[in-house]
Amino acid sequence: MFTLTASDMSEKLRVLRMKAGFTQEKLAEFLWTTESTISKVENGHQVPDAVMYENWIWVCTHQVVRFTYIHNGRSKQHA
């Protein structure tokens, strides 16, 4: 069994973000959250839910491509 402490998780996620070359602001944009939330997670003041944790790892380990799509005449941009 593998145990990951909140402190270990915070450090792992911070290192992943930095290796990917993202600022906290840019990562927050990709994860549809706030820069404050990213900071709280990285400082161990908040534990991400499973979805945020998995998305954080995915965004930091894959090339993120932005695209624009049109739905009902409205243009929207997503990562």
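Predicted model: local features only at pLDDT ≥ 70, side-chain atom pairs only at ≥ 80, totals over all residues.

Biologist: Where does W32 sit in the chain?

Modeller: W32 is in the loop that runs between α2 and α3.

Biologist: And what about the phi of W32?

Modeller: W32 isn't a glycine, yet its phi is positive, at about 55 degrees. As background, most residues other than glycine have a negative phi.

Biologist: OK, let me back up. What's the overall layout of the protein?

Modeller: Four helices and two strands, and along the sequence they come in the order α-α-α-α-β-β.

Biologist: How many residues are there, and what share is buried?

Modeller: The protein has 79 residues, and 28% of them are buried. Looking at contacts with a separation of 6 or more, 49% are between residues 24 or more positions apart.

Biologist: What does the confidence look like across the protein?

Modeller: The average pLDDT is 88, with 86% of the residues scoring at least 70.

Biologist: Where is the confidence lowest, and where is it highest?

Modeller: Lowest is strand β2, residues 74-78, with a mean of 63. Highest is α3, at 98.

Biologist: Good to know. Next, which residues have the most contacts inside the largest nonpolar core?

Modeller: L13, L27, L31 and W56. That core has 15 residues.

Biologist: Which helices supply at least two residues of this core?

Modeller: α1 (6-20), α2 (24-31), α3 (35-42) and α4 (50-61) each do. The one that gives the most is α4, with five residues.

Biologist: Let's take W56, then. What is W56 in contact with, leaving aside neighbours within four places?

Modeller: L13, R17, L27, L31, I38, V41 and E42.

Biologist: Is L13 buried or exposed?

Modeller: L13 is buried, because its relative accessible area is 0%, under the 20% cut-off. It's a residue of helix α1. Beyond four places in sequence, L13 touches V41, E42, P48, Y53, W56 and I57.

Biologist: And how far is the C-alpha of L13 from that of C60?

Modeller: The two C-alpha atoms are 8.9 Å apart, with L13 and C60 separated by 47 residues along the chain.

Biologist: Are F22 and F30 buried or exposed?

Modeller: F22 is buried, at 16% relative accessible area, and F30 is buried too, at 13%.

Biologist: What lies over the face of F30?

Modeller: K26 does, at 5.7 Å from the ring centre.

Biologist: Switching topic to the threonines. Which side chains make polar contacts with T37?

Modeller: T33 and T34. The T37 to T33 contact is 3.4 Å, and the T37 to T34 contact is 2.9 Å.

Biologist: Where is T37, and is T37 buried or exposed?

Modeller: T37 is in helix α3, and it counts as buried because its relative accessibility is 14%. Setting aside residues up to four places away, T37 touches Q46 and M52.

Biologist: Last one, up at the start of the chain. Where does L4 sit?

Modeller: L4 is in the segment before α1. It's partly exposed, with a relative accessible area of 29%.

Biologist: What is L4 in contact with, beyond four places in sequence?

Modeller: M9 and Y53. Y53 also turned up among the residues that L13 touches.

Definitions and conventions: Residues numbered from 1 in each chain as written. Heavy atoms only, no water. Core = buried A, V, L, I, M, F, W, Y, C linked by side-chain atoms within 4.5 Å. Buried < 20%, exposed > 50% of the residue type's maximum accessible area, 1.4 Å probe, protein only. Contact = heavy atoms within 4.5 Å. Lys NZ or Arg CZ within 6 Å of the ring centre and 35° of its normal. pLDDT = per-residue confidence, 0-100. Polar contact = N/O pair within 3.5 Å; in protein donor to acceptor, adjacent residues only side chain to side chain.
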